Amino acid sequence: LDLMTSTAYLCMPDTSAERDLQKVLQQLEPQITFLEELTKMGGAMRTVLTKILTNQQTYKELSMGN
């Protein structure tokens, strides 16, 4: 399920929570698209992304600038 499908699915939000989710997805679209482009670079990049996004310590160090 990609972002475009998610956004299309949420075109007619029924609840406040769904409207909030739609807003967040729209705001994050550039970042999600960027991550999708990085994954198209191949297996090595997917391995790096997986390590960074699933390892709390690595993520914390990178996001804190350490």
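Me: Leaving aside neighbours within four places in sequence, what is Thr 58 in contact with?
Reply: Beyond those neighbours, Thr 58 contacts Lys 51 and Ile 52, where contact means heavy atoms within 4.5 Å. This is a predicted model, so local features need pLDDT of at least 70 and side-chain atom pairs count only at pLDDT 80 or more, while totals for chains, interfaces and linings use all residues. Residues are numbered from 1 along each chain as its sequence is written, and side-chain values use heavy atoms, with hydrogens and water left out.

Me: Is Thr 58 buried or exposed?
Reply: Thr 58 is buried, at a relative accessible area of 16%. Buried means under 20%, exposed over 50% and partly exposed in between, with a 1.4 Å probe and protein chains only.

Me: And which helix is Thr 58 in?
Reply: Thr 58 belongs to helix H4, residues 56–64. Helices are DSSP runs of H or I with at least four residues, strands are runs of E with at least two, and both are numbered from the N terminus.

Me: How do H3 and H4 pack?
Reply: Their axes are 5 Å apart, at an angle of about 90°. Axes here are lines fitted to C-alpha atoms, for helices over the stretch in contact, and angles run from 0 to 180 degrees between N-to-C directions. H3 and H4 are therefore roughly perpendicular; the classes are roughly parallel under 35 degrees, roughly antiparallel over 145, roughly perpendicular from 65 to 115, and oblique for the rest.

Me: Which residues meet there?
Reply: From H3, Lys 51, Ile 52, Leu 53 and Thr 54; from H4, Gln 56, Thr 58, Tyr 59 and Leu 62. The contact of H3 with H4 divides into 4 nonpolar, 3 polar and 1 charged. Ala, Val, Leu, Ile, Met, Phe, Trp, Tyr, Cys and Pro count as nonpolar, Asp, Glu, Lys and Arg as charged, and the others, Gly among them, as polar.

Me: OK, H2 against H3. At what angle do they cross?
Reply: Roughly 135°, with the axes of H2 (residues 16–39) and H3 (residues 43–54) coming within 8 Å. That makes H2 oblique to H3. Leu 35, Leu 38 and Thr 39 of H2 make the contact with Met 45, Arg 46 and Leu 49 of H3. By type, the residues are 4 nonpolar, 1 polar and 1 charged.

Me: What does Leu 38 touch, not counting residues up to four places away?
Reply: Leu 38 touches Met 45 and Leu 49. Leu 49 is 11 residues from Leu 38 in sequence and 8.4 Å from it in space, C-alpha to C-alpha. Leu 38 is buried, with a relative accessible area of 16%.

Me: Switching to charges. How many salt bridges turn up?
Reply: A search of the whole structure gives 1, where a salt bridge is a side-chain nitrogen of Lys or Arg within 4 Å of a carboxyl oxygen of Asp or Glu. Lys 40 pairs with Glu 37, and the closest N and O atoms are 3.3 Å apart. Lys 40 is exposed at 64%, whereas Glu 37 is partly exposed at 42%.

Me: What about the overall make-up, helices and strands?
Reply: The chain has 4 helices and 0 strands. Buried residues account for 15% of its 66 residues.

Me: Which element has the lowest mean pLDDT?
Reply: Helix H1 (residues 3–9), with 52, while H2 has the highest, 93. pLDDT is the predictor's confidence in each residue, from 0 to 100. The chain mean is 82, and 79% of residues reach 70 or more. Where pLDDT is low, the predicted coordinates should not be read in detail.
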